[in-house]
Amino acid sequence: MNAPADLSMKNDDVLRVELEVFRREHRDLDEAISALTERGTADQLTVQRLKKRKLRLKDLIAQIEDRLTPDIIA
């Protein structure tokens, strides 16, 4: 997750590519967490760190989606 917090400096094409990368990483983390917990040998600290990273990705994905979605005036 090397994305700067300031999304306003990036164009939409770059954001779309980053969005797909972050979504893929989010899915990979979900699968890793599931695999660790299913085996029952998961280190709780590792699982906790993976979950925090997954939440940060989720927030970043939401920010990018908000930036890419045009505002609709009702």
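Helices (H or I, at least four residues) and strands (E, at least two) are taken as DSSP runs and numbered from the N terminus; on this basis the secondary structure of the chain comes to two helices and zero strands. With a radius of gyration of 15 Å, well over the 11 Å that the globule rule gives for 74 residues, the chain is more spread out than a compact globule, the radius being taken over C-alpha atoms and the rule being 2.2 Å times the number of residues to the power 0.38. The structure is a predicted model, in which local features need pLDDT of at least 70 and side-chain atom pairs count only at pLDDT 80 or more, whereas totals for chains, interfaces and linings use all residues. Residues are numbered from 1 along each chain as its sequence is written, and side-chain values use heavy atoms, with hydrogens and water left out.

The C-alpha atoms of Arg67 and Glu18, which are 49 residues apart along the chain, are separated by 12 Å. Leaving aside neighbours within four places in sequence, Arg67 is in contact (heavy atoms within 4.5 Å) with Leu7, Ser8, Lys10, Asp12 and Leu15.

Across the chain, buried residues make up 26% of the 74 residues, and among contacts between residues at least 6 apart in sequence, 69% join residues at least 24 apart.

Notes: Buried means under 20% relative accessible area, exposed over 50%, partly exposed in between (1.4 Å probe, protein chains only).
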